[in-house]
Amino acid sequence: MTKVYPDDSLALHTDLYQINMAESYWADGIHNRKSVFELYFRKLPFGNGYAVFAGLERMLEYLRDFKFSDSDIAYLRDEVGYKEDFIAYLKDLRFTGDVYSMIEGETVFGNEPIVRIEAPLVEAQLVETALLNIVNYQTLIATKASRIKHVAENESVMEFGTRRAQEMDAAIWGTRAAIIGGFASTSNVRAGKLFNLPISGTHAHSLVQAYHSDYEAFHAYARRHKDCVFLVDTFDTLKSGVPSAIQVAKELGDKINFVGIRLDSGDIAFLSKAARKMLDDAGFPDAKIVVSNDLDEYTMLNLKAQDARVDMWGIGTKIITAYDQPALGAVYKIVSIEDVEGDMVDTIKISANAEKVTTPGRKKLYRIIDRENGKAEGDYITMYDEDPQSEEKIKMFHPVHTFISKFVTNFEAKNLHEKVVENGQVIYTSPAVSEMAQYAKDNLALLWDEYKRSLNPEEYPVDLSQKCWNNKMRNIAEVQEMVAKVSEGLGGK
Ligand SMILES: Nc1ncnc2c1ncn2[C@@H]1O[C@H](COP(=O)(O)OP(=O)(O)OP(=O)(O)O)[C@@H](O)[C@H]1O
Ligand SMILES: O=P(O)(O)OC[C@H]1O[C@H](OP(=O)(O)OP(=O)(O)O)[C@H](O)[C@@H]1O
Ligand SMILES: O=C(O)c1cccnc1
């Protein structure tokens with residue numbers, strides 16, 4: 001049985017090691033040193049050429065409300081065993097830092113900072129797990145939704161996944177992310193209420209089974225509902241389901257809005273073509289054909305290649321669980337920390353894998369947009385004090401394979417980070433989810449098609465400024481020097 005705490009908070013929604021590190025920082029008196037952390041992922045999910053950022057609104061709620069409640073404090077003291085002095089410190093702890101973030105619906109790529117947290121070390125550390133939890137899931141689902149919508153083109157896509165979601169929270173936030181990524185509506189009524197999302201739905205096989213008849217079931221449904229989409233595959237799609245739907249639509253005429261039919265099994269290509277012909281011949285050329293049944297962008301593409309006659313898609317399991325890639329690997333890394341003199345010192349994490357070496361320093365992120373064609377040339381990471389817009393010409397080069405480079409002129413440098421939290425106060429108001437979805441759509445229009453194709457897209461450039469790259473190389477050299485000294489001191493080679 002779960003225990004119920006009326007004052008349960010999300011401050012404990014973290015890994016134990018974060019609180020243990022917080023205790024060390026505090027005991028050593030370095031907990032209030034200014035620090036800069038960045039949140040980013042390295043590899044795009046689903047082999048896609050871009051991702052769609054989602055999660056800011058929940059992150060902001062979490063940071064705003066960050067506080068260990070009385071029952072959290074009691075648990076940490078009585079069950080986990082932290083000492084009284086540290087417990088007293090945790091009681092009054094709030095998030096007091098600054099946060100810079102992309103806004104929801106922004107197109108995002110690997111190895112670029114999505115969120116930058118500037119806060120006392122202990123605070124920035126404690127919020128890591130929750131921030132990653134939020135962004136990893138929501139961005140994954142928004143990206144999957146965008147892939148699916150890309151294949152659907154102008155046909156609308158409904159989210160049907162709640163029953164298959166990894167529990168209730170995922171259904172709610174996942175469907176919100178799906179709408180940001182391009183889905184038109186959700187079947188989850190609570191999500192509709194909470195986030196003001198468009199809700200939609202048809203009916204299930206149980207309705208038809210309860211009446212033992214397609215005709216009776218459709219009639220019963222139509223007596224109480226104006227908009228009707230009849231599910232036609234319970235007994236026999238072409239011999240009973242579609243003819244019954246047509247009969248009810250004819251009988252009730254203007255009394256209902258016969259939106260169309262739904263197919264949920266069998267050969268969708270074959271059945272949709274046959275049903276289309278029956279509907280057209282019966283005088284219902286505007287009736288829509290909705291399809292569902294374990295669909296995703298791959299089956300959709302395949303169905304389109306077979307000229308399936310589909311007007312609307314219902315997608316459940318494969319969107320809400322991000323079925324083919326259940327996790328986005330976003331990470332949260334420290335890039336700069338105040339030293340004993342009060343100066344900020346950049347810090348780096350070295351790895352044998354060049355892609356995994358962090359990029360030190362407080363940085364900014366720009367999207368470089370060609371003023372002539374309005375298309376994005378690439379993203380450009382600079383040190384905080386740089387302003388690419390003040391330059392005539394910038395050199396963009398691959399941060400690992402540096403010989404891949406180009407000069408860009410006549411560009412607009414769009415700053416992708418908005419200040420959303422200042423001294424712990426949330427200063428950003430999230431727009432409606434529909435606006436986020438529109439923003440996502442507009443952003444995708446900046447990308448050349450080769451970055452958007454669902455199979456083997458081109459790699460979009462995410463480059464470092466020369467200054468940023470030099471800083472990284474200097475940090476690597478310094479660490480190598482330090483390691484050599486340590487190694488010598490310890491008797492190493
Ligand atoms: N013409 C088609 N081409 C490719 N895939 C299809 C086609 N028609 C249906 N599919 C997909 O093939 C899969 C068929 O799965 P399955 O065999 O479980 O369905 P079914 O037996 O027809 O229906 P159910 O088990 O739900 O009653 C589904 O993912 C469906 O979307
Ligand atoms: O297929 P998804 O993309 O997950 O979409 C949601 C599914 O949920 C319903 O099926 P139901 O729960 O009745 O299961 P079934 O169709 O597999 O029998 C509906 O008929 C869809 O097929
Ligand atoms: O409205 C529907 O058709 C629907 C809703 C949830 C799951 N499957 C279908």
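**Ligand shells and their surroundings**

Biologist: Which residues are around ligand 3?

Modeller: Around ligand 3 are Phe-160, Ser-187, Gly-201, Thr-202, Arg-262, Ser-292, Gly-314 and Gly-316. A residue is counted here if its C-beta atom, placed from the backbone, lies within 6 Å of the molecule. Please note that this is a predicted model, in which local features need pLDDT of at least 70 and side-chain atom pairs count only at pLDDT 80 or more, while totals for chains, interfaces and linings use all residues. Residues are numbered from 1 along each chain as its sequence is written, with chains lettered from A and ligands numbered from 1 in the order in which they are written.

Biologist: How does the shell around ligand 3 divide by class?

Modeller: The shell around ligand 3 has 1 nonpolar, 6 polar and 1 charged residues. Nonpolar covers Ala, Val, Leu, Ile, Met, Phe, Trp, Tyr, Cys and Pro; charged covers Asp, Glu, Lys and Arg; the others, Gly among them, are polar.

Biologist: Where is Thr-202 placed?

Modeller: Thr-202 is in the loop between helix H8 (189-195) and helix H9 (205-211). Helices (H or I, at least four residues) and strands (E, at least two) are DSSP runs, numbered from the N terminus.

Biologist: Is Thr-202 buried or exposed?

Modeller: Thr-202 counts as buried because it has 23 C-beta neighbours inside 10 Å. The cut-offs are 20 or more other C-beta atoms within 10 Å for buried, 12 or fewer for exposed, and partly exposed in between, with C-beta atoms placed from the backbone.

Biologist: And what does Thr-202 touch?

Modeller: Leaving aside residues up to four places away in sequence, Thr-202 touches Val-229, Leu-231, Arg-262 and Val-290. Two residues are in contact if their C-beta atoms, placed from the backbone, lie within 7 Å. Arg-262 also belongs to the residues around ligand 3.

Biologist: On to ligand 2. How many residues surround it?

Modeller: Ligand 2 is surrounded by 14 residues, and the closest are Phe-160, Asp-264, Ser-292, Gly-316 and Thr-317. Strand E11 (312-315) and H14 are the elements that give two or more residues to this shell. The shell around ligand 2 divides into 4 nonpolar, 5 polar and 5 charged residues.

Biologist: Which residues of H12 are buried?

Modeller: They are Ile-268, Leu-271, Ser-272, Ala-275, Arg-276 and Leu-279. They cover an arc of only 135 degrees around the axis, which puts them on the same side of H12. The arc is that of the directions from the helix axis to the C-beta atoms. These buried residues pack against helix H11 (237-252), strand E9 (257-263), strand E10 (288-291) and H13. H12 is followed by Gly-283, whose phi is positive, near 90 degrees.

Biologist: How many residues does H6 have, and how many of them are buried?

Modeller: Helix H6 (residues 128-152) has 25 residues and reaches 36 Å from its first C-alpha to its last, close to the 36 Å expected at 1.5 Å a residue. The expected span is 1.5 Å times one less than the number of residues. Of the 25 residues of H6, 21 are buried, so H6 is largely enclosed by the rest of the structure. Glu-153 follows H6 and has a positive phi, near 55 degrees.

Biologist: Where does Ala-322 lie, and what is its phi?

Modeller: Ala-322 lies in the loop between helix H14 (317-320) and strand E12 (331-338). Its phi is positive, about 45 degrees, although Ala-322 is not a glycine. Most residues other than glycine have a negative phi. With 22 C-beta neighbours inside 10 Å, Ala-322 counts as buried.
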